Amino acid sequence: MTTSESTDPDVSPEHIERIKKNMEQVEQLSKRLMDVLAQKKSHPASLDGPNQELFARAATAYWSEMAKNPAKLLEKQVAYWGQAVVNFAEAQSLLAKSMEGDSPGETAPIASTAPADRRFANPMWQSNPYFHFIKQQYLTNAEAIRNAVAEVEDIDDIDKRRLGYFADQIVQMMAPTNFLATNPDALEKAVETEGQSLIKGLENLVADLEANDGELVVRLADESAFEIGRNIATTPGEVVFRNEMMELIQYRPTTETVHETPIVLFPPWINKFYILDLKAQNSLIKWVTEQGYTLFVVSWLNPGAEHADLGLEDYIEKGYLSAIETAKSICKVKQVNAVGYCIAGTTLSLTLSLLKQRGDTSIKSATFFTALTDFSDQGEFTPFLQNDFIDGIEEEITNNGLLRSYIMARTFSFLRSNDLVYGPAIRSYMMGETPPAFDLLYWNGDGANLPGRMAMQYLRGLCQRNEFVRDGFELMGHTLHVRDVTVPVMAITCETDHIARWKDCYRGVQQMGSRSKTFVVAQSGHIAGIVNPPTRNKYGHYTNTDLKVDADSWREGATFNEGSWWPRWENWLKKRSGKQVPARDPGDSQHPPLTPAPGDYVRVKARRQASD
């Protein structure tokens with residue numbers, strides 16, 4: 001299996017014996033593996049795949065079409081057979097060449113016309129007959145499956161989108177790189193390390209399973225490299241309020257004077273707030289204080305089973321309204337500027353509608369970071385927002401009181417399975433590598449559970465029935481509607497965001513009742529587009545004042561602006577933040593500091609909480 005690009009590994013009898021001896025350690029690790037799998041907590045089977053009726057409908061539609069046009073089926077089969085023969089012939093050619101010349105086993109790679117795929121970067125995929133045939137036949141099979149899905153016609157659009165997604169997941173799962181016997185990188189590493197890479201990989205696998213009660217959640221970052229409050233989430237501040245829903249952090253000022261109107265920032269409660277305070281160089285929290293603002297940030301409770309009955313009304317009453325009232329009291333003002341990120345932005349919209357109907361003007365302006373309010377197009381989440389999956393989530397909640405963190409993490413990860421599941425799994429479990437010390441990936445793995453009641457309100461009422469923009473969302477004795485969002489708003493969305501697509505966010509902002517709306521599309525995705533400090537000068541952003549046109553027309557007429565959107569937001573915000581006043585230290589006599597930032601709630605790990 002050698003190539004001109006690689007050197008001969010040591011495959012002496014002594015070397016092979018050392019490999020065999022090292023493999024004996026696998027037996028001990030296998031016992032740990034069996035033990036942890038025996039303790040695995042079950043979850044509803046419907047969360048592992050769609051209702052089989054989807055595939056039955058697709059198969060019926062496919063064969064119905066082929067029965068009407070059998071020549072089409074024959075044409076596809078002949079093309080498939082033809083490509084398989086070509087793949088075999090290329091492998092035979094490589095094998096013959098490898099036996100010729102002065103250097104048996106060495107061949108020039110066959111030029112590939114397939115798009116670049118980093119999974120097949122090893123030269124052996126092109127030059128070794130065995131690996132070349134496996135790769136080419138896999139790509140042929142993948143194309144045949146995708147073409148078959150594309151040709152299914154007599155099913156509705158949602159079923160076809162779901163079928164395409166799940167078929168693609170099967171294709172990604174069956175990639176030869178995911179199996180040791182057909183992964184040249186892993187095999188070479190095993191020989192080079194005398195099997196130690198496989199032992200270390202098995203140790204990594206067992207450790208990941210043990211950390212998550214038998215559920216396989218691939219560790220993406222080296223957790224030992226980070227400590228909350230030591231090298232991430234380090235901006236100085238104090239917890240000035242705490243209840244059963246959240247801790248409210250007030251950050252220390254860095255300027256002698258500040259704007260009179262404070263900012264209250266609500267992060268999502270699916271992950272932890274410190275995505276906005278990973279390190280000093282990219283901390284939005286630190287940057288806001290440096291611009292002369294009094295900043296409050298909510299750190300949400302990581303719920304356990306005892307919190308199953310917490311609903312959106314609790315998040316609003318004990319989270320949003322309590323945080324706003326506390327900030328107003330400490331700063332001795334009547335209004336705040338509010339910010340909501342992702343699901344917290346969605347809930348900020350609900351809060352604004354509630355306050356509008358109550359005649360409460362506590363919120364002076366609202367900023368939304370990648371926040372959806374109109375769910376008429378469910379985007380990449382379409383496969384998971386249909387009744388079979390939501391019924392499974394409801395069963396999970398009935399059994400546990402929670403939507404456990406790993407279920408959400410798994411769903412998000414499989415939207416980018418090669419990058420967030422299979423690639424990391426190969427490096428960790430086959431190659432025996434330690435995950436990288438990457439703060440963003442550490443945060444990504446630090447998820448939180450969702451209370452059962454809140455999760456179902458969100459999934460059924462907002463995501464599935466889209467009540468907030470249709471007939472209204474019933475909550476706290478009010479019928480809440482997006483048109484009741486009438487304060488000045490600025491919405492920051494992200495161009496390649498697959499979680500809250502910018503066009504869907506745009507549609508929701510269009511329906512808000514505010515007469516003052518500013519809409520921005522930042523380059524990059526759901527996180528990198530938001531965490532984009534001006535000093536990096538990495539991603540630009542698009543602006544357009546005409547929000548009456550459709551999303552495509554808005555984009556066509558938009559102006560591209562170099563650099564971060566942060567200064568543009570601050571310029572918008574300061575016009576709504578009042579005069580300068582002496583800088584405020586955290587808390588007051590009624591709200592004495594309770595503990596230094598980042599507080600206590602942020603340190604509670606979901607996997608430990610869920611297993612209590």
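1. The buried residues of helix 17 pack against helix 11 (312-331), helix 12 (343-358), helix 13, strand 8 (402-403), strand 9 (450-451) and strand 10 (473-475); contact here means heavy atoms within 4.5 Å. Helices (H or I, at least four residues) and strands (E, at least two) are DSSP runs, numbered from the N terminus. Buried stands for under 20% relative accessible area, exposed for over 50%, and partly exposed for values in between (1.4 Å probe, protein chains only). Among the buried residues of helix 17 are Met454, Gln457, Tyr458, Arg460 and Cys463. Just after helix 17, Asn466 takes a positive phi of about 50 degrees.

2. On the basis of the note: this is a predicted model, in which local features need pLDDT of at least 70 and side-chain atom pairs count only at pLDDT 80 or more, while totals for chains, interfaces and linings use all residues. Residues are numbered from 1 along each chain as its sequence is written, and side-chain values use heavy atoms, with hydrogens and water left out.

3. The sheet is open and mixed, with 11 strands in the order 15-14-13-12-7-6-4-5-2-1-17. Strand 15 (559-561) and strand 17 (595-596) stand at the edges with a single partner strand each, so one side of each has no neighbour in the sheet. Two strands count as paired if DSSP finds at least two bridges between them.

4. Strand 5 (residues 295-300) pairs with strand 2 (residues 246-251) in the antiparallel sense over 5 bridges, and Gln250 has Phe296 of strand 5 as its bridge partner. With strand 4, the pairing of strand 5 is parallel, over 3 bridges; here Leu265 stands opposite Val297. Is strand 5 buried or exposed? Buried: this holds for 6 of its 6 residues, so strand 5 is largely enclosed by the rest of the structure. Leu295, Val297 and Ser299 point one way from the strand, Phe296, Val298 and Trp300 the other way, and all are buried.

5. Helix 18 (residues 502-510) touches strand 12 (489-494) and strand 13 (517-522), and its direction makes about 180 degrees with that of strand 13. Axes are lines fitted to C-alpha atoms, for helices over the stretch in contact, and angles run from 0 to 180 degrees between N-to-C directions. Helix 20 (residues 566-574) also packs on the sheet; its contacts include strand 4 (263-266), strand 6 (336-341), strand 7 (363-369) and strand 14 (541-543). The direction of helix 20 makes about 165 degrees with that of strand 7.

6. Some backbone values deserve a look. Most residues other than glycine have a negative phi, and most peptide bonds are trans. Thr370, in the loop between strand 7 and helix 13 (387-400), has a positive phi near 40 degrees. At 0% relative accessibility, Thr370 is buried. Glu194 has a positive phi of about 55 degrees and sits in the loop between helix 8 (184-192) and helix 9 (196-211). The peptide bond from Ala597 to Pro598 is cis, with omega near 10 degrees; Pro598 belongs to the loop between strand 17 and helix 21 (606-611).

7. Met173, found in helix 7 (residues 157-173), is partly exposed at 39% relative accessibility.
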